[in-house]
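Welcome, and please open your viewer. We will take a short walk from one stop to the next, selecting as we go.

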Amino acid sequence: MRMRHIRLLAATGTAVAALALTACGNGTGTEDEGAARPATPTASAEKTAPEKATGKAGSGTSQAGTGGRTANGTPVARTHAPDARPSASTARGTRGGTGTGGSSGSGTSVVLCNGANTTVTAQPVARPLNHMLITVKNTGGKTCELPYYPVLRFDQMQWVPQADRGTQPQAVVSLAPGESGYAGVLLAAADGSGAGGTTARKLTVGFQGLTPNSSGDPSATPSLPAEGVYYDSSLKVTYWQQERDDALSW
C-alpha cells in the first residue's frame with residue numbers, strides 16, 4: 001500500500017512538471033522571472049515624450065520664444081529680438097529733396113524763393129550784347145531755393161521764353177538770407193535774325209515749384225528802364241545760377 005502511494009506521488013509530480021514545460025513553450029503560462037527587470041515604457045508614455053520635446057502635440061516645432069528645439073534637435077530661433085527699438089536714424093527718418101515748408105535730409109527747413117521772400121531786379125547789360133540780368137535776393141529769414149529757371153512775361157505776351165539747356169547747373173541754386181541768385185536773358189538776336197521785335201514796358205518774373213512748369217507763386221514785377229526793353233522771337237533765358245558771371249557767360 002505504501003509503495004503504491006509513493007508511485008502515485010511520483011506520477012503526479014511528473015505530470016505537473018510536464019504541464020509547466022508546456023506552458024513555457026507556448027508563451028501563455030508563467031515562467032521563472034529570475035532577477036528584477038526595468039519596466040517597459042507604456043504606449044501612452046512613448047506617445048507623450050515626442051509631444052513634450054516639440055512643445056505642441058503634432059506640430060513638430062517648439063513654441064516661439066521658449067528656446068526649445070525642433071523635432072530634429074536643432075535650436076528654434078526666437079521670433080523677436082530682445083530689444084526691438086528702432087535706431088536713431090530710423091526714428092528720425094530721412095527725406096530726399098526739398099520743398100515748400102519741407103525739410104532736407106539734414107532736417108534744415110528750406111522754402112522756395114518767390115516774390116514774397118525776395119527782391120527782384122531786371123537790368124540790361126552792355127556785355128554780352130542784347131542781354132539782361134535778373135537778380136533775386138533772399139530777404140527772408142530762411143534759406144530758399146530757386147528750381148529750374150524764371151518764367152518771363154513781357155507786357156501781355158502769350159508765349160513763354162524757353163531756357164537754354166546748356167545752362168542747367170549741377171545742383172539747385174540755394175540762397176541763404178541776404179544772398180542773391182541770377183539768371184541771364186537773351187533779348188534779341190545780335191545778327192537781327194529774330195522776328196516780331198517789340199519794346200516792352202512791363203516784366204513779370206514767375207517762379208517754379210519742385211516739378212517742371214509748376215507754379216511757385218507769388219511772382220515778382222521788377223521795374224524796367226523808362227525807355228523799355230526791346231525783345232524779339234529769339235528771347236531766351238538761362239537756368240538760375242549761383243554766380244553772376246555764370247548767368248552772363250552764354
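Begin with the cysteines: there is 1 disulfide in the structure, a disulfide being a pair of cysteine sulfur atoms within 2.5 Å. Before you zoom in, note that this is a predicted model, where local features need pLDDT of at least 70, side-chain atom pairs count only at pLDDT 80 or more, and totals for chains, interfaces and linings use all residues. Residues are numbered from 1 along each chain as its sequence is written, and side-chain values use heavy atoms, with hydrogens and water left out.

Select Cys113 and Cys144, which the disulfide joins with an S to S distance of 2.0 Å. Cys113 sits in the loop between strand S2 (109-112) and strand S3 (118-125), and Cys144 belongs to strand S5 (residues 144-146), so the pair ties together parts that are 31 residues apart in sequence. Strands (E, at least two residues) are DSSP runs, numbered from the N terminus. Look along the S-S bond of Cys113 and Cys144: the torsion is about 90 degrees, so the disulfide is right-handed.

Next, colour the open sheet of 5 strands, ordered S3-S4-S9-S13-S7 with mixed pairing. Two strands pair if DSSP finds at least two bridges between them. S3 and strand S7 (162-163) stand at the edges with a single partner strand each, so one side of each has no neighbour in the sheet.

Finally, select strand S4 (residues 131-138) and strand S9 (residues 180-186), an antiparallel pair with 7 bridges. Click Thr135, and you will find its bridge partner, Tyr182, in S9.

Conventions:
Helix = DSSP H or I, 4+ residues; strand = E, 2+ residues; numbered from the N terminus.
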